[in-house]
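Good morning, and thank you for joining this group meeting.

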Amino acid sequence: MADRAVPVVEKRLMEVKLGEIGTWVGGRDFTPNGMISSVRKGYERYLNKYIHVKKGGIGGLSMVLAGYVVLSYVWSFDHIKHDRMRKYH
Amino acid sequence: MVLTLILGLFDQFFSPYFLGVPLLAIAIAAPWVLFPKPSNRVINGRSLVAQNSFVLNFAKQILLPLNVGAHKWALLLTVLMVNLITLNLLGLLPYTFTPTTQLPLNMGFAIPLWLATVVIGLRNQPTIALGHLLPEGTPAPLIPVLIIIETISLFVRPFALGVRLTANLAAGHLLIQLLSSATLFLIDQMWPVAILTGLVMALLTLLELAVAAIQAYVFVLLLSLYLQENT
């Protein structure tokens, strides 16, 4: 409580309170450069946490592949839903 | 009674769209995301060490029979190999889309690269390149026929490269789909047979893993052979 107040927009996402999320999202950098840099930063954060570790295990890659599988399922659901358990395909 | 044959078997090879957005780009760009560039640390982590050693060993192996003029192709061949093997292996995950089952993509890999080897050969050493059309030691009466045959085989190479990759992968995926739907269906009707089909399916999956890797390798190997002839 003795810290100086930090503007909402500059806080990290985990420290933003739920009520401030709207302001936070509104204040983000939506220019192309900003979006690309945020994607790149997220990518490098993931790499540094799970892959560029001395004894990185199979989890680092598996999480990405599992996410890819889930995403592919979501993308193909509209096509696959016709194959549900039915008597005549 | 009208018999309707609904070919839903080839649905998995349709180019995926989601809300009108083509997802093919994501499927093709997937290998780019999965291989991070080497970091600037002195000692890298395990996965980077594995990735680097695979790439370097492969490059060394593929460049062994090629002479110095062809070493310019090192990066291209290595990238092609890594790309193809990743695309093939990713396609074995459930619900994913394999771009290498599409013939246009494989022809897009095969035709320009094959044409490049031919043009390089004809430009730098035209006599030797044309000399490849007649193998040594052919008996004299066979020469005209053999030249025609060798020319045809030269022009069939890109199609062979592309169609080989496409057919192997598409056939494998199709078999997996057929066997899995057979197993699911048989669990209700005759479950011992379902166990048998499940076993075949497990073996087939192992085969598919091998085929995915091997086909990528064969593609690059043949390309390097064509390059070797022509430099």
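I shall go through aromatic contacts, a surface patch, an annotated region and a salt bridge in turn. Please keep in mind throughout that this is a predicted model.

Let me begin with the aromatic side chains. Over all chains, the count comes to five aromatic pairs. One of the pairs joins B:F54 and B:F58, whose ring centres are 6.5 Å apart. Their planes meet at 25°, and planes under 30 degrees apart count as stacked, so this pair is stacked. B:F54 is partly exposed, with a relative accessible area of 38%, whereas B:F58 has 8% relative accessibility and counts as buried. Aromatic residues also come together elsewhere: A:Y73, A:F77 and B:Y95 form one aromatic cluster.

Which residues make the nonpolar surface patch of about 590 Å²? The patch is made by A:L13, A:L18, A:I21, A:V25, A:F30 and A:M35. Let us take A:L18 as an example. This leucine lies in the segment before helix 1 of chain A, the helix at 21–26. With 76% relative accessibility, A:L18 counts as exposed, because the cut-off for that class is over 50%.

Next comes an annotation from a database record. An unreviewed UniProt entry lists residues 57–77 of chain A under "transmembrane region". In the model, that span is 90% helix and 0% strand.

Finally, I come to charged side chains. In general, side chains of opposite charge can pair when their charged atoms come close. How many salt bridges does the structure hold over all chains? There is one salt bridge, and it is formed by the side chains of A:E44 and A:R40, at 3.5 Å from N to O. That distance falls within the 4 Å limit, so the contact qualifies as a salt bridge. Both residues sit in helix 2 of chain A, residues 32–51, and they are four residues apart, about one turn of the helix.

Thank you for your attention.

Key: Residues are numbered from 1 along each chain as its sequence is written. Chains are lettered from A and ligands numbered from 1 in the order in which they are written. This is a predicted model: local features need pLDDT of at least 70, side-chain atom pairs count only at pLDDT 80 or more; totals for chains, interfaces and linings use all residues. Side-chain values use heavy atoms; hydrogens and water are left out. Rings of Phe, Tyr and Trp (its six-membered ring) pair if their centres lie within 6.5 Å; planes under 30 degrees apart count as stacked, over 60 as edge-to-face and the rest as tilted. Buried means under 20% relative accessible area, exposed over 50%, partly exposed in between (1.4 Å probe, protein chains only). Patches are made of residues with over 30% relative accessible area and no salt bridge: like charges are joined within 9 Å, nonpolar side chains (Val, Leu, Ile, Met, Phe, Trp, Tyr) within 5 Å. Accessible areas come from the Shrake-Rupley method with a 1.4 Å probe; for residues, only the protein chains shown count as cover. Helices (H or I, at least four residues) and strands (E, at least two) are DSSP runs, numbered from the N terminus. UniProt positions are given in the numbering used here, feature names are shortened, and annotations may be inferred rather than shown by experiment.
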